[in-house]
Amino acid sequence: VQDEWNASPRFSMTYGLRADVPVIFGNPPANEAFNATEVATKYDIQTNQMPRPSVLVSPRIGVRWRIHESADAKTLLRGGVGIFSGRIPFVWLSNCFSNTGVTQRGYTLDSSKGQYVPKFGEEPTGTDGVSSNPMINITANDFRYPQVARATLALEQEYKGWHFTLEGIFTKSINDLLITNLTAQDKGDKFYAVNASLANEHNTTTLYDSSLASSYSAIYLLSNTSKGYGYSISASVAKSFRFGLDLYASYTFAHSYSVMDGISAQAANTWGRTYSADSNHPELSYSLFDAPHKVTASLSYTKRYAKVLGTTISLLYQGYSGARYSLTYASTSDVNGDRGYGNTTIYVPTASELAAMEFESEEQRNAFGDYIATTPALARSRGKFLARNALQTPFEHHLDLRIAQDIYFSAESSRKV
């Protein structure tokens with residue numbers, strides 16, 4: 001529901017309330033063997049459970065205040081605040097139906113050992129080969145669908161045909177996605193990034209016990225976090241001239257922080273690509289979609305001629321910060337025992353720690369030291385594990401030229417092809 005209140009010719013308010021009720025008809029099959037395990041009891045989870053239907057309430061309000069209006073100038077202040085749910089990502093929950101441990105099974109077959117490898121479309125008999133441990137996808141009892149709170153405030157100024165805008169946006173996560181792999185259990189052991197004798201709280205992290213993997217290759221638990229947030233400040237200017245020239249330029253400064261980005265439809269990919277020093281307790285860090293700087297400028301000229309013809313020439317420039325990325329230990333190494341490879345961010349040693357670490361040669365030690373010293377993100381991170389997405393590729397520049405030819409239906413018509 002939505003309504004608008006015009007308090008005066010210059011001030012108006014729009015307010016509304018949206019309610020969503022996501023419903024899943026049916027539950028995944030019950031895996032009685034898993035439901036009776038110690039880990040299922042500990043976390044109060046079952047393969048045949050789904051989030052209970054609940055109302056996602058999204059109130060919102062927006063205001064527009066025309067501060068000043070004259071023949072040459074107009075000033076508008078607008079803003080709003082609300083809760084937003086967006087589209088429901090049911091695909092995350094669909095994994096719970098296919099990965100119960102009883103819905104499907106996997107086999108490794110080797111024809112060189114005389115094992116029969118079925119043709120496409122045939123089912124394996126199960127008498128040959130090695131049965132793989134099943135993967136379990138499951139949701140927490142209190143799992144909530146994603147929601148964010150967002151506030152905006154903008155000032156628009158028009159003066160003799162020029163349009164200026166200054167706008168700020170702040171977004172705070174209420175319920176965001178968090179995935180934990182329960183086959184990786186913290187039993188108090190530590191991974192020493194330097195060595196045991198120089199261990200401290202900054203250069204050690206959890207060394208996981210993954211003995212559960214002998215029964216289940218992975219147990220991905222979907223739950224929530226509220227730690228993410230983001231903000232942006234943008235300024236723009238635009239001008240349209242009567243002779244057909246349009247000008248536009250804008251600059252945006254922004255940052256986005258998250259614990260886990262929902263980058264995949266599969267829990268395994270999302271968890272495995274959330275790079276962190278502690279896989280099951282990722283810290284708030286730069287989002288993969290963080291782009292601190294963006295510059296846009298465009299110039300467009302339109303000329304109508306010969307009664308029914310028109311040509312538009314446009315030049316567009318876009319410059320923005322490069323993509324975020326992380327540095328991790330080798331993709332062939334499971335350094336923290338979580339059975340994830342290449343998902344642990346590196347530790348950046350201090351000068352004294354670097355001297356105490358083991359390398360195959362002094363040349364490698366010196367090369368690593370030089371790399372740290374010449375990479376600003378690493379130099380700032382000495383003495384701690386590197387934050388997820390702490391590095392960025394170089395600033396990118398894109399320039400596009402577009403020429404469009406229009407044919408109008410008549411000399412007086414604005415309809416065209």
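Which element supplies the largest share of the lining of the second largest pocket? That element is β14, with 5 residues. The model examined here is predicted; local features need pLDDT of at least 70, side-chain atom pairs count only at pLDDT 80 or more, and totals for chains, interfaces and linings use all residues. Residues are numbered from 1 along each chain as its sequence is written, and side-chain values use heavy atoms, with hydrogens and water left out.

The chain contains 7 helices and 22 strands. Helices (H or I, at least four residues) and strands (E, at least two) are DSSP runs, numbered from the N terminus. The radius of gyration is 28 Å, whereas a compact globule of 417 residues would have one near 22 Å. This radius is taken over C-alpha atoms, and the globule rule is 2.2 Å times the number of residues to the power 0.38. Along the principal axes, the C-alpha atoms fill a box of roughly 80 × 60 × 50 Å.

Of the 417 residues, 37% are buried (under 20% relative accessible area, 1.4 Å probe, protein chains only). The chain exposes about 23700 Å², and carbon and sulfur atoms supply 56% of this area (Shrake-Rupley method, 1.4 Å probe). Among contacts with a separation of 6 or more, 70% join residues 24 or more positions apart; a contact means heavy atoms within 4.5 Å.

Pockets were then examined. A pocket is an open set of points on a 1 Å grid over the protein atoms alone, where a 1.4 Å probe fits, with protein on both sides within 12 Å along at least five of seven lines; lining residues have an atom within 4 Å of a point. A volume is the space filled by probe spheres set on the points.

The largest pocket holds about 580 Å³ of space. It is lined by 25 residues, and A277, E283, F385, L386 and A387 are the closest to its centre. Two or more lining residues come from each of β11 (204-206), β15 (285-286) and β20 (384-385). β11 gives the most, with 3 residues. The lining divides into 9 nonpolar, 9 polar and 7 charged residues. Asp, Glu, Lys and Arg count as charged.

The second largest pocket has a volume of about 470 Å³. Of its 23 lining residues, T171, S173, D176, S256 and S287 lie nearest the centre. The elements giving two or more residues to this lining are β8 (147-159), β9 (162-181), β13 (229-240) and β14 (245-258). By class, the lining has 9 nonpolar, 10 polar and 4 charged residues.

Notes:
Buried means under 20% relative accessible area, exposed over 50%, partly exposed in between (1.4 Å probe, protein chains only).
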